[in-house]
Amino acid sequence: MNARSALLTASAWLRARRIDALRDEATLRGIQSRWLARHLAYVGASSRFYRAFAGRPLKEWPVIGKQEWLANFDSINTAGATLAAVERLALAGESSRDFTADWNGHTVGLSTGTSGRRGLFLIAPGERARWAGTVLGRVLRGSPLSAERIALVLRAGSTLYESVRVARLRFRYFDPLKPWEQLCEDLARFDPTILIAPAQLLTRLAAAPRAPRPRRVISAAEVLDDIDRLHLQQAFGTQVEQIYQATEGFLGASCGHGTIHLNEPYLVIEPEWQDAARTRFVPIVTDLWRRAQPVVRYRLDDVLRVAAAPCPCGRPGIALAAIEGRCDDVLLLDGDGRDVAVFADQLARQITCTLARLDDYEVQETARGRWSIGLRPMPAEDGLRRLQQSIGAMAAQLGAVAPALVFAPLQVDAPARGKRRRIRGAARHACAS
């Protein structure tokens, strides 16, 4: 990290700590409004795709998804990059597992792509340094001079992670595609104080003979549901925290009370509500610090559930009870001539509360109103009957026709290399748009 990057990282860290200490909603929105005006002026002047919207309020800029974002990559980015060149570098890194290559000094990389085409990101050096400082400010709760060993075990590495080098902080990326014994040995030698990894990989690490014993455990890159959370908290003896990050940026993190706070004012979040009670929404995100590859009114595929009550930490802005999953995780039932959505957490609650002894489960919507449910261990007939009744009662409460259920033992397979999704809808976009 050169002197300029170190200065940017330190400045971003200090800013993040000041913002984290804010408890006044009006102050937060005032900062957000100033940053938004500055950002839209830059993007409108610098991006060919957005030039026609320069000078207009945010509500008049187009809402786009991953397909449009990538299809217009060459005209959206302000660095003069082409999708072909950047994608070629990112795919080469995926193949070689060497993530150090860049495009004219810009970090490039691919997301895992839970559904559809994988995402691609392009980040300028200054943005990389600010990202590092912001993550440190939000995630580290002590002094940046504290001695911490942070292990990041994610499918894809990036020079984003390697850029975090501050004082006594050691930050190391571990490749989960290495042989399992070697990965465990490398982690044991590093002896992390903070371990960041997807929930399914944390579960495997917790059961390893030489399991790491970090002070803090942070789940990232996939949904953390209640079964995994409880298991991991028992295994590691500490609360499991979360980081919410995607191709589109650093979106949020949990506080000391376990509530996930979206990363405002760095982001503008426009909720696209999925129910009349406004308990769940799909976020439309504008990142106010991404300039090389602007993220303006980008519609994510995630379903987020808002916290039912204000968080005791007092932080203003949008607080979440859960990141429920992808839009494709929403199941549909028939209800008097209309579609009735069943969200992942609603179904998960029926399964986990009905079956007291349950190690794992998976639900696949095989057709409209037909679900295949794998369970481990396989309950006795009375347990399956209670579960069928519970799901039927849920459907009736929602005003829908109960689904036809097929139960089967859930096999113990080798851990998936993609993101874990316990509940999968049919191949269609179930969220409102």
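In these legends, a residue is buried when its relative accessible area is under 20%, exposed when it is over 50%, and partly exposed in between (1.4 Å probe, protein chains only). The model shown here is predicted, so local features need pLDDT of at least 70 and side-chain atom pairs count only at pLDDT 80 or more, while totals for chains, interfaces and linings use all residues. Residues are numbered from 1 along each chain as its sequence is written, and side-chain values use heavy atoms, with hydrogens and water left out.

**Figure 1. The whole chain, before we zoom in.** The chain has 433 residues, and 55% of them count as buried. Its secondary structure comprises 12 helices and 21 strands; helices (H or I, at least four residues) and strands (E, at least two) are DSSP runs, numbered from the N terminus. A contact means heavy atoms within 4.5 Å. Among the chain's contacts with a separation of 6 or more, 60% come from residues 24 or more positions apart.

**Figure 2. Helix H9 meets helix H10.** H9 covers residues 199-207 and H10 covers residues 226-236; their axes come within 10 Å and cross at roughly 35 degrees. Axes here are lines fitted to C-alpha atoms, for helices over the stretch in contact, and angles run from 0 to 180 degrees between N-to-C directions. The crossing of H9 and H10 is left-handed, a label used if the near helix is turned anticlockwise from the far one by less than a right angle (right-handed if clockwise). On the H9 side, look for Ala199, Leu202, Thr203 and Ala206; on the H10 side, look for Asp228, His231, Leu232, Ala235 and Phe236.

**Figure 3. Aromatic rings in pairs.** Rings of Phe, Tyr and Trp (its six-membered ring) pair if their centres lie within 6.5 Å; planes under 30 degrees apart count as stacked, over 60 as edge-to-face and the rest as tilted. By this rule there are 8 aromatic pairs. Tryptophan 35 and tyrosine 266 form a tilted pair, because their ring centres are 5.4 Å apart and their planes stand at 50 degrees. Tryptophan 35 belongs to helix H2 (residues 25-46) and tyrosine 266 to the loop between strand E10 (260-262) and strand E11 (267-273), so this pair ties together parts that are 231 residues apart in sequence. Both tryptophan 35 and tyrosine 266 are buried. Tryptophan 273 and phenylalanine 281 make an edge-to-face pair, with centres 5.3 Å apart and planes at 65 degrees. Tryptophan 273 is partly exposed at 28% relative accessibility, whereas phenylalanine 281 is buried at 0%. Elsewhere, ring pairs link Phe49, Tyr50, Phe53 and Trp61 into a cluster.

**Figure 4. Arginines over aromatic rings.** A charge sits over a ring if NZ of Lys or CZ of Arg is within 6 Å of the ring centre and within 35 degrees of the ring normal. Arginine 38 lies over the face of tryptophan 289, at 5.2 Å from the ring centre. Arginine 291 places its charged end over the ring of tyrosine 42, 4.0 Å from the centre of that ring.

Figure 5. Another cis peptide bond joins arginine 376 and proline 377, with omega about -5 degrees; proline 377 is in the loop between strand E19 (370-376) and helix H12 (381-397). Proline 409 is part of strand E20 (residues 404-409). Leaving aside residues up to four places away in sequence, proline 409 touches Leu375 and Met378. The C-alpha atoms of proline 409 and glycine 374 are 5.3 Å apart, although 35 residues separate them along the chain.

**Figure 6. Two arginines with positive phi.** Arginine 278, in the loop between E11 and strand E12 (280-287), has phi near 55 degrees, a positive value in a residue other than glycine. Arginine 278 is exposed, with a relative accessible area of 52%. Arginine 297 also has a positive phi, of about 50 degrees, and is found in the loop between E12 and strand E13 (298-299). At 9% relative accessibility, arginine 297 counts as buried.
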